[in-house]
Amino acid sequence: MLTLFKLVNTKGLKALNFGGDTIPLDQIDDALAAKLIGKTHVLERVAPTTAPAVAQLAPVAEQAPAAEAEAPSAGRKKASGN
Amino acid sequence: MCVQVPIEAIEIDSCPNPGGLTDLHVMRRRDVLTFPDPDDDNVTLSKAIVPKPGAGFVPWEFATDTGEVNHKSTGDAGNQSITQELNTYVPRGDAKIDAVINAALNGDFIVAGRDSNGNVRICGDKNRGVKFEHDYKSGKKGSDKNGTDFKFSGEGFGHVPYYYTAALPIKAAATVVSGS
């Protein structure tokens, strides 16, 4: 099941052959697609449309909690860096 | 355009190195929408060959251990180029195979073969395809071969058959016969 990617330009095509395996287009899942992206013209990443829409609609007053939420993640980044 | 590639030492790998060809895919060059430029090494295609809508590669089956990719340099010093070849043998003579032969005459092809080390080699390129030749023999006696030798070949290339590391798009209708 494809959720992070979508099939495009598939007219007249039934499969991809990669690494000696013929993979029917309807059997490509997210894990396979992540491997194949950039190696074929029939796969595209699904744009994360929901996140920016929420950010645009969010009132200005809610920016403070968002800033707080970012702080711990910054801390985690440092920890992972070590 | 003359592509300059640095000359470096050839290093021999000690891992297994079997011969043989296991996959053959064929497409007409006129059905290619975009043929990618090679990578900086001038021998690897890491981007996909994009066919025109409705077109794509079709698989050709052939007898085991009869497929081979060849390339060799030809011409005198100062006029050298590379000849590319892909050969297979298809056993049996029947109407379906012969219909493909009829349709493939005078065609201009891009063919992909996968060697036993897993390398997909592409014969033909954006500017120059490979032509198709065949030689069918019914055999004279019971122990003779009854089938067709196929050869895709092209001369005058400035490069070896490319190493193709992207995915091949496979056409829905499994036949190479689509007009002439």
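Which residue in S3(A) does Phe18(A) stand opposite? Select Phe18(A) and look across to S3(A): the residue there is Asp21(A). The model is predicted, so local features need pLDDT of at least 70 and side-chain atom pairs count only at pLDDT 80 or more, while totals for chains, interfaces and linings use all residues. Residues are numbered from 1 along each chain as its sequence is written, and chains are lettered from A and ligands numbered from 1 in the order in which they are written.

**Chain A**

Colour chain A by secondary structure. Chain A has 3 helices and 4 strands, in the sequence pattern β-β-β-α-β-α-α. Helices (H or I, at least four residues) and strands (E, at least two) are DSSP runs, numbered from the N terminus. Of the 82 residues in chain A, 12% are buried. A residue is buried if 20 or more other C-beta atoms lie within 10 Å of its own, exposed if 12 or fewer, and partly exposed in between, with C-beta atoms placed from the backbone.

Among contacts in chain A with a separation of 6 or more, 60% join residues 24 or more positions apart.

Go to Asn9(A), in the loop between strand S1 (5-7) and S2 of chain A. Asn9(A) is not a glycine, yet its phi is positive, about 55 degrees. With 16 other C-beta atoms within 10 Å, Asn9(A) is partly exposed.

Select S2 and S3 of chain A together with S13 of chain B. They form an open sheet of 3 strands in the order S3(A)-S2(A)-S13(B), with antiparallel pairing. Two strands pair if DSSP finds at least two bridges between them. Strand S3 (21-24) of chain A and S13 of chain B are the edge strands, each pairing on one side only. Direction ignored, neighbouring strands of this sheet are turned by 35 degrees against each other on average. Axes here are lines fitted to C-alpha atoms, for helices over the stretch in contact, and angles run from 0 to 180 degrees between N-to-C directions.

S2(A) and S3(A) pair in the antiparallel sense over 4 bridges. On the S13(B) side, strand S2 (residues 13-18) of chain A is joined by 4 bridges, again antiparallel. Select Asn17(A) to see Leu168(B) of S13(B) opposite.

**The interface**

Now show the residues of each chain that touch the other: 18 residues from chain B and 16 residues from chain A. On the chain B side, strand S1 (21-28) and strand S13 (168-171) each supply at least two residues. The largest share of that side, 4 residues, comes from S13(B). By class, the chain B side has 10 nonpolar, 5 polar and 3 charged residues; Ala, Val, Leu, Ile, Met, Phe, Trp, Tyr, Cys and Pro count as nonpolar, Asp, Glu, Lys and Arg as charged, and the others, Gly among them, as polar.

Centre on Leu16(A). Beyond its neighbours within four places in sequence, Leu16(A) is in contact with Ile23(A), Leu36(A), Thr40(A) and Val42(A), and with Ala167(B), Leu168(B), Pro169(B) and Ile170(B). Leu16(A) is also one of the residues that touch the most other members of the largest nonpolar core, which has 41 residues. A nonpolar core is a set of buried Ala, Val, Leu, Ile, Met, Phe, Trp, Tyr and Cys residues joined through C-beta atoms within 7 Å. Others in that group include Val26(B), Phe57(B) and Val111(B).

**Chain B**

Move to the open sheet of 6 strands in chain B, ordered S3-S12-S9-S8-S1-S5 with mixed pairing. Its edge strands are strand S3 (44-45) and strand S5 (58-59), each pairing on one side only.

Select S1(B). Because 6 of its 8 residues are buried, S1(B) is largely enclosed by the rest of the structure. S1(B) runs antiparallel to S5(B), with 2 bridges, and antiparallel to S8(B), with 7 bridges. Val26(B) has Val58(B) as its bridge partner in S5(B) and stands opposite Val111(B) in S8(B).

Next, pick Gly113(B), in strand S8 (residues 109-115) of chain B. Gly113(B) is buried, with 26 other C-beta atoms within 10 Å. Its C-alpha atom is 8.9 Å from that of Val26(B), 87 residues apart along the chain.

End at Asn106(B), in the loop between helix H1 (95-104) and S8 of chain B. Asn106(B) has a positive phi of about 65 degrees although it is not a glycine, and counts as exposed with 8 C-beta neighbours inside 10 Å.

Note on methods. Two residues are in contact if their C-beta atoms, placed from the backbone, lie within 7 Å.
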